[in-house]
Amino acid sequence: MKLPALILAVAALAAAGNALAERGLLIRAAPLKQQPFLDAGTVAQLPASSQVDVLKRKGAWMQVKTGDGRQGWVKLLNVRTGGARGAGGGLGTLGQVLSTGSSGTTVTTGVKGLSAEQIENAKPNYGELERLKQYRVSTQSASSSARGAGLKAESVKYLPYSRGAGTQDDAQMQRRGG
């Protein structure tokens, strides 16, 4: 008898979540993309201050629906959330979490798009590293280019290092004579 009531309560919360879709505001003009990729086709150019409904999140992208019904993807960093309909904590926040995976109150940037597992299992791509080496220039070429751009060399002292209190980067500087 209690199990059907619990199932109904969960279903009601899920329905409430859909009704309380997270709202977002574009903080700058942004292209509305067909897919969550930079090279995907552009559906429209959305002006700054456009109101959108956030339908889904995927990595550094949000699938949104505009006021005139167009749907597409915008970069996460272009959208400010937190002013969701029905927000204010409690059931409204729970509804947002159920519908979008976000409470709408926390904005962070950084390594979005990668899960902890992906970061933990990351491996260096030596092939790409070798490919990057083709862009390497000599010190003389870099110096010549900098002089041509009006830049001048400046020497910067390393920060003092005390053994045992530093990080791995500090140890590397110490080995380099810093």
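Helices (H or I, at least four residues) and strands (E, at least two) are DSSP runs, numbered from the N terminus. The views below show a predicted model, in which local features need pLDDT of at least 70 and side-chain atom pairs count only at pLDDT 80 or more, while totals for chains, interfaces and linings use all residues. Residues are numbered from 1 along each chain as its sequence is written, and side-chain values use heavy atoms, with hydrogens and water left out.

**View 1**
With a relative accessibility of 58%, Tyr 126 counts as exposed, where exposed means over 50% relative accessible area, buried means under 20%, and partly exposed lies in between (1.4 Å probe, protein chains only). Together with Leu 129, Leu 132 and Tyr 135, Tyr 126 makes a nonpolar surface patch of about 490 Å². Patches are made of residues with over 30% relative accessible area and no salt bridge, like charges being joined within 9 Å and nonpolar side chains (Val, Leu, Ile, Met, Phe, Trp, Tyr) within 5 Å. The accessible areas come from the Shrake-Rupley method with a 1.4 Å probe, and for residues only the protein chains shown count as cover.

Glu 128 and Arg 131 form a salt bridge, with their closest N and O atoms 3.2 Å apart; the term stands for a side-chain nitrogen of Lys or Arg within 4 Å of a carboxyl oxygen of Asp or Glu. Because Glu 128 and Arg 131 are 3 residues apart in helix H4, about one helical turn separates them. Glu 128 is partly exposed at 36% relative accessibility, and Arg 131 is also partly exposed, with a relative accessible area of 47%.

In the whole structure, a search finds 5 salt bridges, and one of them joins the side chains of Glu 22 and Arg 57 at 3.1 Å, N to O. Glu 22 lies in strand E1 (residues 22–26) and Arg 57 in strand E4, so this pair ties together parts that are 35 residues apart in sequence. Glu 22 counts as buried, because its relative accessibility is 0%, whereas Arg 57 is partly exposed, with a relative accessible area of 26%.

**View 1. Strand E5 and its two neighbours.**
Strand E5 (residues 61–66) is mostly covered, since 5 of its 6 residues are buried. Strand E4 (residues 51–58) runs antiparallel to E5 and is joined to E5 by 6 bridges, and two strands are said to pair if DSSP finds at least two bridges between them. Asp 53 stands opposite Lys 65 in E5, and the hairpin of E4 and E5 has 2 residues between the strands, with Gly 59 in the turn showing a positive phi of about 60°. Strand E6 (residues 71–75) is also antiparallel to E5, with 5 bridges joining the two. Met 62 stands opposite Val 74 in E6, while Trp 61 has Lys 75 as its bridge partner in E6. The hairpin of E5 and E6 has 4 residues between the strands, and Gly 69 in the turn has a positive phi of about 90°.

**View 2. A salt bridge of Asp 68 and Arg 70.**
The side chains of Asp 68 and Arg 70 meet in a salt bridge of 3.0 Å, N to O. Asp 68 is exposed, with a relative accessible area of 52%, whereas Arg 70 is partly exposed at 33%.

**View 3. The largest nonpolar core and Leu 46.**
The largest nonpolar core has 10 residues, namely Leu 26, Leu 32, Leu 46, Val 52, Val 54, Met 62, Val 64, Val 74, Leu 76 and Val 79. To this core, E4 and E5 each supply at least two residues. A nonpolar core is a set of buried Ala, Val, Leu, Ile, Met, Phe, Trp, Tyr and Cys residues joined through side-chain atoms within 4.5 Å. Leu 46 is found in strand E3 (residues 42–46) and counts as buried, at 2% relative accessibility. Leaving aside neighbours within four places in sequence, Leu 46 is in contact (heavy atoms within 4.5 Å) with Leu 26, Ala 29, Ala 30, Leu 32, Thr 66, Arg 70 and Val 74. Leu 46 and Ala 29 are 17 residues apart in sequence, but 5.5 Å apart in space, C-alpha to C-alpha.
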